Amino acid sequence: MISCRKVKRWTVDYLEGTLSEKKKFLFEEHLSKCSRCAQEIETLVKTQKLVRLKVREEMPETFWAHYLPRLKRRLEEKPLPRLAWRPVPALALATATALVLLVVAAISLLRTPSLNLENLPREVLVEEVMASNSELDYFIAESFEPEEIAQALLPREILNSLVNNNQEFTL
Amino acid sequence: MVKNEDTLLVNRLKKGERKAFDELVNKYKKRIYYLAYSLTNNHADALDLSQEAFIKVYKSIHRFRGRSSFYTWLYRITVNICLNHLKKKAKRKEISFDERIEVAQVDWWSNPKKALENKELQENLTRAIDSLPPQQKTVFTLRHLEGLSHKEIASILGCSIGSVKANLFQALQKLRNRLKGYVEG
């Protein structure tokens with residue numbers, strides 16, 4: 001007798017009537033001896049018959065009359081215009097770089113105080129920056145000038161107060 | 001005959017003859033629309049997706065080499081478009097496949113005509129098929145509602161005949177579980 005597993009594998013062909021005579025005989029022989037498989041197949045046969053009762057809702061002729069004209073309208077719709085730079089990657093890259101530079105320049109203009117830090121004693125700047133930023137060593141290692149470090153790391157208020165409190169050095 | 005007719009139309013379309021496209025659309029629009037409808041269970045989606053399939057045919061006809069028949073290619077395009085749509089939809093809405101549909105105990109087998117006219121039965125069948133996972137639903141639809149062979153379905157979906165049969169078996173089992181009220185007792 002064939003196994004229950006084989007019955008499962010042959011079920012679709014059995015339900016569709018495409019099982020060979022020999023396989024069909026073996027299949028039905030199994031069903032006659034295995035009530036579990038017999039019940040499984042019985043319910044599947046009923047399910048298949050049931051779903052065949054499904055009726056398709058037909059669309060009216062007016063719908064079909066408008067189908068092609070509607071499709072043609074869709075086809076004739078102009079595709080969305082491509083951005084001019086899209087086919088030229090180099091131009092796109094240049095545009096993006098220029099935009100980034102513009103944004104960076106704008107931000108630094110907004111953040112940078114119009115203060116003359118060069119006149120401030122370096123030790124004042126370094127002390128202030130070291131007190132407020134532990135990453136200073138890194139920046140020094142990168143050979144930045146203390147003025148640059150202060151500009152980059154210190155908030156505008158602190159820079160203002162530094163300049164105001166050290167007026168004597170600039171005079 | 002159908003294949004030769006399609007080949008002629010495809011060749012004319014490749015040469016830029018728009019009328020050939022119209023003829024192909026008119027020939028297949030119902031089958032493609034109802035296929036999309038069977039898969040989406042929504043008329044607006046079926047219209048939109050079936051037309052999308054024809055637009056894709058129009059735009060990529062030069063890539064059709066004739067290795068399969070035209071309608072297999074057209075079905076493949078439609079099924080892919082619908083499957084993508086169903087996958088997106090499935091992400092938005094989780095469906096329980098184990099839910100059982102409760103039904104009134106009526107012996108439909110003795111009166112199939114009554115079954116065809118019964119709105120509740122029709123709605124339950126639609127709901128049950130609609131609840132299948134996209135791949136099983138597609139295989140089931142192509143086999144039982146479109147009447148395609150296992151070989152044709154395998155060609156459309158790019159899978160083996162064994163995979164088609166496995167999907168059909170699983171789909172039928174799920175439908176049986178959902179429609180227990182009709183098939184048991």
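1. At 7% relative accessibility, Thr72(B) counts as buried. This threonine belongs to helix 4 of chain B, which covers residues 70-92. Setting aside the neighbours within four places in sequence, Thr72(B) has contacts with Ser155(B) and Ile156(B). Please keep in mind, here and below, that you are looking at a predicted model.

2. Now for the overall make-up of chain B. The chain holds ten helices and zero strands, and its elements, read from the N terminus, run α-α-α-α-α-α-α-α-α-α. Of its 185 residues, 49% count as buried. Among the contacts in chain B with a separation of 6 or more, 64% are between residues 24 or more positions apart. Chain B exposes about 9400 Å², and carbon and sulfur atoms supply 49% of that area.

3. Chain A can be described in the same terms. Its secondary structure comes to ten helices and zero strands, in the order α-α-α-α-α-α-α-α-α-α from the N terminus on. Buried residues make up 28% of the 171 residues in chain A. Of the contacts in chain A between residues at least 6 apart in sequence, 57% join residues at least 24 apart.

4. Arg5(A), Lys6(A), Arg9(A) and Lys23(A) form a positive surface patch. Helix 1 of chain A, residues 4-15, gives the most to this patch, with three residues. Arg9(A) has its place in helix 1 of chain A. With a relative accessible area of 58%, Arg9(A) is exposed; a patch residue needs over 30% relative accessible area, so Arg9(A) at 58% clears that cut-off.

5. On to the salt bridges. Side chains of opposite charge can pair when their charged atoms come close. The count over all chains comes to 15 salt bridges. One of them links Asp13(A) and Lys165(B), whose closest N and O atoms are 2.7 Å apart. This pair crosses between chains, from helix 1 of chain A, where Asp13(A) sits, to helix 9 of chain B (residues 161-178), which holds Lys165(B). How exposed or buried are the two partners, Asp13(A) and Lys165(B)? Asp13(A) is buried, with a relative accessible area of 12%, while Lys165(B) is partly exposed, with 22%.

6. Arg143(B) pairs with Glu16(A), the closest N and O atoms being 3.0 Å apart. Arg143(B) lies in helix 7 of chain B (residues 134-145) and Glu16(A) in the loop between helix 1 and helix 2 (21-33) of chain A, so this pair joins two chains. Arg143(B) counts as partly exposed at 21% relative accessibility.

7. The side chains of Glu23(B) and Lys19(B) meet at 4.0 Å, N to O. Why are Glu23(B) and Lys19(B) separated by about one helical turn? Because they are four residues apart in helix 2 of chain B. Glu23(B) is partly exposed, with a relative accessible area of 33%, and Lys19(B) is exposed, with 54%. Salt bridges that share partners join Arg12(B), Glu17(B), Lys19(B) and Glu23(B) into one network.

8. Finally, a glycine in chain B. Where is Gly16(B) placed? Gly16(B) is in the loop between helix 1 (2-14) and helix 2 (18-40) of chain B. Gly16(B) is exposed, with a relative accessible area of 58%. From C-alpha to C-alpha, Gly16(B) and Tyr58(B) are 9.8 Å apart in space, and in sequence they are 42 residues apart.

Notes: Residues numbered from 1 in each chain as written. Chains lettered and ligands numbered in written order. Predicted model: local features only at pLDDT ≥ 70, side-chain atom pairs only at ≥ 80, totals over all residues. Heavy atoms only, no water. Patch = residues over 30% accessible without salt bridge, like charges linked within 9 Å, V, L, I, M, F, W, Y side chains within 5 Å. Areas by Shrake-Rupley, 256 points an atom, 1.4 Å probe, with all protein chains shown as cover. Lys, Arg positive; Asp, Glu negative; His and termini not counted. Charge placed at Lys NZ, Arg CZ, Asp CG, Glu CD. Buried < 20%, exposed > 50% of the residue type's maximum accessible area, 1.4 Å probe, protein only. Contact = heavy atoms within 4.5 Å.
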